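Thanks for coming, everyone. Please bring up the model on your screens, and we will walk through a few sites.

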Amino acid sequence: MAAPKVAVVGAGVVGLSTALCVADAFPACALAVLAERFTPSTTSDVAAGMLIPHTAPGTPIHVQKQWFKETFTYLFAISNSAEASEAGVHLVSGWQVFKSTPGEELPFWSDIVLGFRTMSEAELQKFPQHRYGQAFTTLKCDCPPYLLWMEKRLKAKGVQMYTRKVENLWELHSEYNIVVNCAGIGAHQLVGDQQLFPVRGQVLKVHAPWVKNFVRDGDGLTYIYPGISSVTLGGTREKESWSLSPDPSTTKDIFGRCCSLEPSLQAAQEVKVQVGLRPSRANVRLQREVWSQGGAKLLVVHNYGHGSGGFSMHRGTAKEAAQLVGECIAALQDSSSRAKL
């Protein structure tokens, strides 16, 4: 049969990494990425890109751990290469602090990040309102450099990039054999997924080059994540809010909360305020389906619904999605050979 035509819908961190995994595993495919928006206008561009996983209630812990481990290993290799600067991937050390000792003192990812340990009394003096803390080194992907780096690698492999708003996956059935849905929050409308809902996040990017360590409050709401060119201050978790307009009072609140953790931020200069909608559901949707209509067929693979864990597990879920694409290719070849009989 002719080389299978595969389209990946979505160009955020999940879409581009899935396209890369498909291109690596199946170089004979004719592969395209279709998206209404590319960097710097994706939801991923708002994210801080820190590898600190959030536990997803509907996914077994061992699966989440495997996704995180694959992502961490992949990015650690990039951070250790000559491409680290261009890719915007770097190690960052810091603290996660708690007002009271958490029930689970050892998170599932503690043996994957580097040097995980309980903070000393002396370190905790930096955070007088907190009683317990964890110190570790993890990875951070700066956006848009990381997305641009992936786009460049895809183009070098001959993958086509098209700016296109896809209204319905079925509209692609005459052009592609397999469609991979990495539409993030767009899947709510694209495939009518009622289990998917937005969790609105507002962040503040500031210029504060003296801040070298990350600080994250254990409740996950307040965080300070230093990047290559700016520091990301957050944040909010507003369920079911679709508003993409920054709220000035929220900006003030975020800045105040972050200054209470790191008083030196009072001297920081604001660069910009951004809002993104995390594509949240009880579990990541990773599955394949066969769509058929009037005798025509379309093979569909879904990979979306990562919530606030997109960066922490993007490579792990992309590899799994690529395996599902492989199953689709095998099914196409099987039906093609049967047709010849």
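Which residues does Thr43 touch, not counting residues up to four places away in sequence? Thr43 touches Gly276 and Leu277. Contact here means heavy atoms within 4.5 Å.

Some ground rules before I go on. This is a predicted model, so local features need pLDDT of at least 70 and side-chain atom pairs count only at pLDDT 80 or more, while totals for chains, interfaces and linings use all residues. Residues are numbered from 1 along each chain as its sequence is written, and side-chain values use heavy atoms, with hydrogens and water left out.

Back to the site. An unreviewed UniProt entry carries the annotation "binding site" on Thr43, Ser44 and Val166. UniProt positions follow the numbering used here, feature names are shortened, and such annotations may be inferred rather than shown by experiment. Thr43 is in the loop between strand E2 (30–35) and helix H2 (61–79). Helices (H or I, at least four residues) and strands (E, at least two) are DSSP runs, numbered from the N terminus. Thr43 has 38% relative accessibility, so it counts as partly exposed. The cut-offs: buried is under 20% relative accessible area, exposed is over 50%, and partly exposed is in between, with a 1.4 Å probe and protein chains only.

Ser44 is in the loop between E2 and H2 too. Ser44 counts as buried because its relative accessibility is 11%. Leaving aside neighbours within four places in sequence, its contacts are Gly12, Val13, Cys143, Leu147 and Phe311. The Ser44 side chain also reaches the backbone nitrogen of Val13, at 2.9 Å.

Next, Gln64, in helix H2. Its relative accessible area is 2%, so Gln64 is buried. A polar atom of its side chain lies 2.7 Å from the backbone oxygen of Thr59. Beyond four places in sequence, Gln64 is in contact with residues including His54, Thr55 and Phe108.

Now the aromatics. How many aromatic pairs does a search of the whole structure find? Twelve. Rings of Phe, Tyr and Trp (its six-membered ring) pair if their centres lie within 6.5 Å; planes under 30 degrees apart are stacked, over 60 edge-to-face, the rest tilted. Take Trp95 and Phe127: edge-to-face, 5.6 Å centre to centre, 65° between the planes. Trp95 lies in strand E3 (residues 89–98) and Phe127 in the loop between helix H4 (121–124) and strand E5 (132–141), so the pair ties together parts 32 residues apart in sequence. Both Trp95 and Phe127 are buried.

Trp109 and Phe136 have ring centres 5.1 Å apart and planes at 65°, so this pair is edge-to-face. Trp109 sits in the loop between E3 and strand E4 (114–118), Phe136 in strand E5, 27 residues apart. Trp109 is at 4% relative accessibility and so counts as buried. Phe136, at 3%, counts as buried as well. Ring pairs link Trp109 and Phe136 into a cluster with Phe116, Phe214, Tyr223 and Tyr225.

Last, the cores. A nonpolar core is a set of buried Ala, Val, Leu, Ile, Met, Phe, Trp, Tyr and Cys residues joined through side-chain atoms within 4.5 Å. The largest has 67 residues, and Val33, Leu75 and Tyr146 have the most contacts inside it. Helix H8 (residues 310–340) gives the most to this core, ten residues. Another core, of 20 residues, lies apart from it, with Leu124, Phe127, Ile224 and Ala268 among them.

That is the tour. Over to you.

Definitions and conventions
Polar contact = N/O pair within 3.5 Å; in protein donor to acceptor, adjacent residues only side chain to side chain.
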